[in-house]
Amino acid sequence: METIDIGLWVTGGLLVMVLAGMRVAFAAGLAGLIGLVWIFWAKFGYDPDRFGKALTVAVKTAGQVPHSKVASHTLSLIPTFILIGYLAYYAGLTRALFEAAKRWIAWVPGGLAVSTVFATAGFAAVSGASVATSAVFARIAIPEMLDVGYNKRFAAGVVAAGGTLASLIPPSAILVIYAIIVEQDVGKLLLAGFIPGAFSAVIYGALIVGIAVVFKTVGPPVTGFTWRQRFAAVPAALPIVAVILIIIGFVYNPFGEQAWGTPTEGGAIGAFIVFCFAIIHGMRWGELKSALLETAKLTAMIFSIIWGVLIYVRFLGFADLPGAFSDWITGLSMSPMLILICILLAYAVLGMFMDAIGMLLLTLPVVYPAVMALNGGEAVSAADSTFGMSGTMCAIWFGILVVKMAEFCLITPPIGLNCFVVAGVRPDLSVQDVFRGVAPFFVADAVTIALLVAFPGIVLYLPSLAG
């Protein structure tokens, strides 16, 4: 049996395990180990006496993966970004941000919901976890929306959809993972997420206003705030702005000289600043302990997925499945743009059955080389490319597109994680209520993705400034 055939059989087995409910980390690690044993035993001619040798070589090969890949300092960004989010919550910055947005925006139709979206976008800029964002604002924003007469399904949908913005707006754990898998510059990818993230928030806001205008009982406006009250709410939200500027400054020096530091250093300083504000605002030892434990738990979960999937990726390299898939994709008679759209649609379907991080980790080793081949290769210039951009810029553009698809998957049934989180925080809401409330945002996401595909400059403007 050819190695390609082994790769297809093992990949099929992996999908069966995932769809059967096995955790992605364990399913990927097991599939990768089985695949490595199979390939090495095939090289020994399936000699029963040499099966032990094949098993030993496969275990050693798989065992080298976790440390060699995860020891990268780049991955230290993930716990740092997650910690910033939890500390910001305990520092009271989350509620301050929501209060400021409410006082400035709540007067428009659906204004409290729009305020929630913009506040989640601001919180996303200091937190890399969508789940944490949804959980925090389910506690803060939903009660206020219900108090002024919002439809409870609509309020829940706003929070679940707004939480997805943390996947795209830096600091984003998924963007860091994408950069590591495809071996691209983390700083440029983080920069690339800012404008599309803000763009997504604006489209969400426009959708909410439109719904509130048509269905006047869904989200009534909230009035009565004076200009003095509005300006008084601004200072408490400024620390989040400071953290955002620090992270941008370390990724890209706006004065045109060499960057002030690495994204890791920027994240660490940002975490320290938020920690200081949390201490000033009276954070106690129990709250600090809770923030550290929650950060450790989420980090361990993400790293476990990375370990398992990287073992599977090592097997894919031996099976040469990525190369075969790239050859098949480039050999299709369809237009490259239509193929790209079909790939994005496949992500939408796959996301109904897998979590976002696991989905990207499992598919990128095969899909990414194919997309690069469609554009003309990783070393292609913009003039010679298919999509009108260099190989590096195409990698960044595609990264933002697939992360946006990952956002979409966080709210799609049957396993939209953000919807389950919101329902878990709010006992008065069922998961079905949240899924119904989030349905209009599918349209907003589809429009956003279509515009990002049609106008790559939205994604590539800031990375192009960084050189």
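Author: A residue is called buried when its relative accessible area is under 20%, exposed when it is over 50%, and partly exposed in between, as found with a 1.4 Å probe on protein chains only. The model is predicted, so that local features need a pLDDT of at least 70 and side-chain atom pairs count only at pLDDT 80 or more, while totals for chains, interfaces and linings use all residues. Residues are numbered from 1 along each chain as its sequence is written, and side-chain values use heavy atoms, with hydrogens and water left out.

The loop in question runs between H9 and helix H10 (186–214), and Glu-183 is found there. Helices (H or I, at least four residues) and strands (E, at least two) are DSSP runs, numbered from the N terminus. With 65% relative accessibility, Glu-183 counts as exposed. Its phi is near 60°, a positive value in a residue other than glycine. Most residues other than glycine have a negative phi. A second case is Tyr-46, with a positive phi of about 55° although it is not a glycine. Tyr-46 belongs to the loop between helix H2 (24–43) and helix H3 (51–70), and at 31% relative accessibility it counts as partly exposed.

On one side of the loop of Glu-183 is H9. The axes of helix H9 (residues 173–182) and helix H4 (residues 77–90) come within 9 Å and cross at roughly 175°. Such axes are lines fitted to C-alpha atoms, for helices over the stretch in contact, and the angles run from 0 to 180 degrees between N-to-C directions. H4 is therefore roughly antiparallel to H9; angles over 145 degrees carry that name, those under 35 count as roughly parallel, those from 65 to 115 as roughly perpendicular, and the rest as oblique. From H4, the contact (heavy atoms within 4.5 Å) is made by Leu-77, Ile-78 and Phe-81, and from H9 by Ala-173, Val-176 and Ile-177. By class, this contact has six nonpolar, no polar and no charged residues. Here Ala, Val, Leu, Ile, Met, Phe, Trp, Tyr, Cys and Pro count as nonpolar, Asp, Glu, Lys and Arg as charged, and the others, Gly among them, as polar.

H10 packs with H8 at an angle of about 170°, their axes being 12 Å apart. H8 and H10 are therefore roughly antiparallel to each other. Phe-154, Val-158, Ala-161 and Gly-162 of H8 meet Tyr-204, Ile-208 and Ile-211 of H10 in this contact. The residues of the contact of H8 with H10 divide into six nonpolar, one polar and no charged.

A salt bridge is a side-chain nitrogen of Lys or Arg within 4 Å of a carboxyl oxygen of Asp or Glu. Such a bridge joins the side chains of Asp-433 and Arg-153 (3.0 Å, N to O). Asp-433 is in helix H20 (residues 431–438) and Arg-153 in helix H8 (residues 152–163), 280 residues apart. Asp-433 is buried, with a relative accessible area of 8%, whereas Arg-153, at 34% relative accessibility, counts as partly exposed.

The buried residues of H19 are Asn-418, Cys-419, Val-421, Val-422 and Ala-423. What covers them includes H8, H20 and helix H7 (130–147).

A further salt bridge joins Lys-404 and Asp-445 (3.0 Å, N to O). Lys-404 lies in helix H18 (residues 391–409) and Asp-445 in helix H21 (residues 440–454), so the pair ties together parts that are 41 residues apart in sequence. Both Lys-404 and Asp-445 are buried.

Because the two are four residues apart in helix H5 (residues 93–105), about one helical turn separates them. Glu-99 is buried, its relative accessible area being 18%. In total, the structure holds 10 salt bridges.
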